[in-house]
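User: Hello! Please pick one part of this model, the contact between chains, and take me through it closely.

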Amino acid sequence: MHNAYQALPTTRREFLTWGTKGIGLLAFSQFAPSFLVQSTLAATPTPEKDRSILVLVQLAGGNDGLNTVIPYEDPEYYRLRPTIGIKKEDAIRLTDTLGLHPSLSALHSLMNEGRAGIVQNVGYPNPNHSHFRSGEIWETASNSDQNLPSGWIGRFLDNACGGAPGTAGTGGDPVAVHVSNELPQSFQSRYPQSTFGLRGGGNRNNRENLAFLEKLVKHDDHEANANASFLRATMMDALVTEQRVQKVLGGYRAESTYPGNGFAQSLRNVAALIASGMSTRVYFVSLGGFDTHSNQANNHANLLRTLSEGLAAFQKDLIAKKLDSQVLTMTFSEFGRRPNENESRGTDHGTAAPLFVMGSQVKSPLHGTPPSLKLQKNRDLEFSTDFRQVYATVLDKWFACPTDQVLGKTYEPLSFL
Amino acid sequence: MKLDLSPQAAWQPLPANQWNEDAARHLLRRVSWAAQPPEVARLMNEGLKAGLERLFPAKANLLPEPRLVSNLAEAGPAYYQKIRNAESREQRQVLQREQRERQRQALQDLSIKWLQFASRPENAVTEKWTHFLSDIYVVSHEKINNPAEIHAHHDTLRQGALGAAPALTKAVSRSPAMVRYLDLQNSNKNAPNENFARELFELFVLGEGNYTEADIKEAARAFTGYRVRADGFHFASSQHDTRPKTVFGQTGKFTGDDVIDLAYSQPAAAAFVPKELGKFYLSDSPLSPAYLAPLADWWRSAGYDLRQLAHRVFSSRLFFHPAFRGNYIKRPTQLYLGLVQDLNINVAPYPRHSLNTLRLMGEEPFRPPNVSGWDGGRLWINSGTLNARRQLVQTLFTPVNEENLNADEQVEIVAARAQGAGVFTVTDERIEGMLKNMTPEQITDRFVDYFLPVKVSKTYRAEILAFLSSETDEAKRVARLRSTAITLLQSPEYQLC
């Protein structure tokens, strides 16, 4: 008889191989660490380096959707926005009724080439107007009345959909990389995942010091607590990954000219890591400042230009490096803004908004339906596409990962992939 | 470690027989930046109750307005006039760029003066407490580009930091930085802006879920007419909505202050600041409602007095329980100011040491990431910020090449030295002194006991001793001792308090 105890795999990779042998794994599931069982339930293939990659671009603060995709034939739009509305003649024409903000010309070119698209009017039921709560809902993919401790990317990784063998402390490629000072809530996972944050200066430690620090970090025989263990695991990972990453970034030669701003430089660094062949599946980049409560016209125009030009440089670089078929980029924001402008020539917190998807696999430029603007004063837009449909599309069609494992239930996927 | 205290017992004073040096170190690491031996000794002398009376006094010291901040504020109106009168677009842009640069420098001056002020033992505890309050009553230089208003806002917090919370909230609602930050500036009776009212309920007094959207819309009307003019806060009564409002089920011609009082009459108000206090000082995981309830009931009956709240929490059995010892991740400002105190050095008056690393570690002074302040806890820690934390320690042991500093920075260095606060790095002389007077065993014990908040094993200690004493070349012993200290301060354990 098969000896279940001895044969139990100890790594995700082993466990997945087991799964393909058709052994009745679930019979032993009470002996197995739960993350391994989860892996099998998800039954995704073992990792390869040329698999699909997702780049998440957070527009922090709440992007004004109605001044991003402009319904310029709708008189309601100009009624709601007498001073900050984008004039028809200024908008970049998309269809007979819709235009893009004039700052988005670079993205518009990508749309014309069939490399970018827009999902319109994305939101969720019973919207929350708090930055933090609504951001949390987006990043954890929860219902409005539900609190989830992990992020949707975190759960994707927990389900071994990330594929990479980056167990904490092994120095393998990180499964997810964020270019921001704080770990995005989307990355919060139930089981330790080797994520990497791209910030921080050079390292002047000599080898001897590093070796000593490594020794101290590996020491775990004294009075431990959860935060101490967490710090040790993170530091071990960081020590190993850091040197590799800095080498990659220092030696990178981009094939396009990235604007000098921090956002574009972050995307350049993401391109460098992708081009280096790391098996990382998810990257997270953030662009802040979208909370435009007053005098928003100039600020918003600048933000959208930064977004558009940064994304275009990134895509051009990927195309030149023949990596574009592997990378999907997607924007998101915690909410859109109130349809009617406020007295400060700005907009207050709102609900649904369009988001961008970019990549050579993106199909046709417009998805979903635009919001109705027949609204009473100070009312919000009614969403028509649930943001989890967008996630489901990415999980299902891009990552081939069972969506209900990550999202809790099945959502109807969209047609942008 | 399990919290084996009943919610009732949790907030009782620590029994006298549990008050010892370990407890004093714990108190100082949590309410101050570090546990310096003279401070520990002083606490042991006076006892916990008297110690807290001193650490949390009736009034916090105020931070004088830094020179560049005053200069900018004084020059401001004339300068804006100049920008308005510019002859061409190009000229205007040049002037605007200049103005932005002056604002940047003034904020830098403010940031460094704050760090210097906060690093002094006599201010450390109240400045951490003010920092805690500023993480509730958030404003950010991201939006408020006049550093004088940022400074004044924090002085408003210092002035009310140890009084009644409702009075502080009312003062904050009139703080020019806050009026601008949460868009009261343009809010009028015809078009009330909801931003302030929302954050008042969500982030200052009650927390999410304890108010309705209708409460916010109505409350926003009560705060109409709040304005900032050149001489500070001004109430524009013609812009104020005097009609009745219905907030939390009560109807009346409420003013902004009335709405704040109404908010504090809600049940959720009594637990809100205690819960935030728990997150800032005790643990990443929020205190459970069962533990918060008795504290909240008491705090309401104490008139929401912030000083009494500090005295009560920081003398409680819960605060000193093993479940809350040595397991809280230091925020970047605490890591930096704690290093300054632990290493007995001074805050350097130029940004390279302090502000640049603080930004990389994720906590740039006066620039919280958003309206709710910093999330903190484990979110401080990732490979990038850990690298920055390590870099900081390295920097504090590396002599400064003063020739590379600009003229302003050199002036600041001279000024700092004149005040006897001119030691910015750990010098070789100090390390040599240590080697002369102490055995490797003594040095190891000193480092471990002084720097680390957790009890380490014998083998950990032995590892350090081995590294320290394995260098036999006399000429390299100083470098080896320096490496040992650096590495220990970079260790995961030193990130905790």
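Analyst: Happy to! Two residues count as in contact if their C-beta atoms, placed from the backbone, lie within 7 Å. A word on the source: the model is predicted, so local features need pLDDT of at least 70 and side-chain atom pairs count only at pLDDT 80 or more, while totals for chains, interfaces and linings use all residues. Residues are numbered from 1 along each chain as its sequence is written, with chains lettered from A and ligands numbered from 1 in the order in which they are written.

Chain A brings 46 residues to the contact, and chain B brings 48. On the side of chain A that touches chain B, at least two residues each come from α6 (131–140), β7 (195–197), α8 (207–218) and α9; here helices (H or I, at least four residues) and strands (E, at least two) are DSSP runs numbered from the N terminus. The largest share of that side, 11 residues, belongs to α9(A). Sorted by class, the side holds 13 nonpolar, 21 polar and 12 charged residues. Nonpolar means Ala, Val, Leu, Ile, Met, Phe, Trp, Tyr, Cys and Pro, charged means Asp, Glu, Lys and Arg, and the others, Gly among them, are polar.

Now for α9(A) itself. This helix of chain A has 25 residues (226–250), and at 1.5 Å a residue these should span 36 Å; the end C-alpha atoms are 35 Å apart, which agrees. The expected span is 1.5 Å times one less than the number of residues. Along the way, α9(A) bends by about 35 degrees at A:Thr241, the bend being the angle between axes fitted to the seven residues ending there and the seven starting there.
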